[in-house]
Amino acid sequence: MSARKIIIDTDPGQDDAVAILLALASPQELDLLGITCVAGNVPLALTQINARRVCEVADRRDVAVYAGCDAPLERALVTAEHVHGKTGLDGPELWAPSMPLAEPHGVDFIIDSLRREPSGTVTLCPLGPLTNIAAAFRKAPDIVARVQEIVLMGGAYFEVGNITPAAEFNIYVDPEAAATVLTSGVPITMMPLDVTHKALATRSRVDAIRALDTKVARFTAEMLDFFERFDVEKYGSEGGPLHDPCVVAYLIQPELFSGRKINVMVETTSELTLGMTVADWWGVTDRAANALFIGDLDADGFFDLITNRLAQL
């Protein structure tokens, strides 16, 4: 089996950083064509710097990082410094990256890649708001049918919201983009809070990463030491959830995850439930299924995968 071609679309974010590192550590399974950055956890000016920092800590300056959209399609940007810190990667000591941003604009890179590669061979992996993906689909409708699959982190149903009572952050930031993607007809797998809140970076799991005692491992452990404090305080959990690495882990070891193919719609008009992913988990509507909605994972297997792969960087 040849490595699966992917584009990671991201707004790093400590958990985004771990997802990128997991992809970089898995060349047999994943052929990373490039990383596109979007405004989300922090503004674009920081997310594109953070993505390059992550590549540099893994000594992968060959990976092309592109700057994409700096604001949602139709709304003002909402960010999450209260979770990720003012840099988005608070925790480790940070530096100004030396590797340059790649050209062109991230949206154009997505379009160009899908037109260049054989149809049905590129998987899009959005880890943040879906602005870049939706903008590409709107700008170049011909690429939609060429996408192999979209595996994204976003949404929630049983866990409801983490930025509002009803909405998960990535979907809430750009609900119009999420609606565009979910109605595109592309095969979609969603990693909602329902599964990511089971991927807890407990003290023992973080310590196992730290014990690798490499540059990448120390960087990761220091990020997670900072990142977990918000969710531990909020939820009373044993550790912070590693949301975004679920996307990459699913592509490497899908057997770690389980879910249902259901219909998922996004609320774009209600002030009360804006950005809510209305997931027909129980099949009570006649709306056609449009997403594999993941609900559970083998958390120990997930962290074993991350730890073992990080040891290879």
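Biologist: Which residue stands opposite V122 in β4?

Modeller: In this predicted model, the residue that stands opposite V122 in β4 is K5. The strands concerned are β1 (residues 4–10) and β4 (residues 122–126), which run parallel and are joined by five bridges. A further partner in β4 is C125, which is bridged to I8.

Biologist: What makes β4 and β5 a pair of strands?

Modeller: Pairing calls for at least two bridges, and β4 and β5 have three, in the parallel sense. Among the residues concerned, V122 has V147 in β5 as its bridge partner.

Biologist: Why is β4 described as largely enclosed by the rest of the structure?

Modeller: A residue counts as buried under 20% relative accessible area, and five of the five residues of β4 are buried, so the strand is largely enclosed by the rest of the structure. Side chains in a regular strand alternate between the two faces of the sheet. In β4 both faces are covered, with V122, L124 and P126 buried on one side and T123 and C125 buried on the other.

Biologist: What is the order of the strands in the open sheet, and why are β3 and β9 said to stand at its edges?

Modeller: The open sheet has eight strands in the order β3-β2-β1-β4-β5-β6-β12-β9, with mixed pairing. β3 (65–67) and β9 (257–262) each have a single partner strand, so one side of each is left without a neighbour in the sheet. From one strand to the next, the twist averages 25°.

Biologist: Which helix packs on the sheet, and which strands does it touch?

Modeller: Helix α11 (residues 245–252) packs on the sheet and touches β1, β2 (30–37), β4, β5 (147–153), β6 (188–191), β9 and β12 (291–297), while its direction makes about 140° with that of β5.

Biologist: Why are α11 and α12 called roughly perpendicular?

Modeller: The two helices, the latter covering residues 299–310, pack at an angle of about 90°, with their axes 11 Å apart. Angles of 65 to 115 degrees count as roughly perpendicular, and α11 and α12 are therefore described in that way. On the α11 side the contact involves P245, C246, A249 and I252, which meet F302, L305, I306 and R309 in α12. The residues of this contact divide into seven nonpolar, no polar and one charged.

Biologist: What makes L212 partly exposed, and where is L212 found?

Modeller: L212 is in the loop between α9 (203–210) and α10 (215–235). Its relative accessible area is 27%, which falls between the limits of 20% for buried and 50% for exposed, so L212 is called partly exposed. Leaving aside neighbours within four places in sequence, L212 is in contact with A217, T307, L310 and A311. The C-alpha atom of L212 is separated by 32 Å from that of G259, 47 residues apart along the chain.

How values were computed. Residues are numbered from 1 along each chain as its sequence is written. This is a predicted model: local features need pLDDT of at least 70, side-chain atom pairs count only at pLDDT 80 or more; totals for chains, interfaces and linings use all residues. Side-chain values use heavy atoms; hydrogens and water are left out. Helices (H or I, at least four residues) and strands (E, at least two) are DSSP runs, numbered from the N terminus. Axes are lines fitted to C-alpha atoms, for helices over the stretch in contact, and angles run from 0 to 180 degrees between N-to-C directions. Contact means heavy atoms within 4.5 Å. Angles under 35 degrees count as roughly parallel, over 145 as roughly antiparallel, 65 to 115 as roughly perpendicular and the rest as oblique. Ala, Val, Leu, Ile, Met, Phe, Trp, Tyr, Cys and Pro count as nonpolar, Asp, Glu, Lys and Arg as charged, and the others, Gly among them, as polar. Buried means under 20% relative accessible area, exposed over 50%, partly exposed in between (1.4 Å probe, protein chains only).
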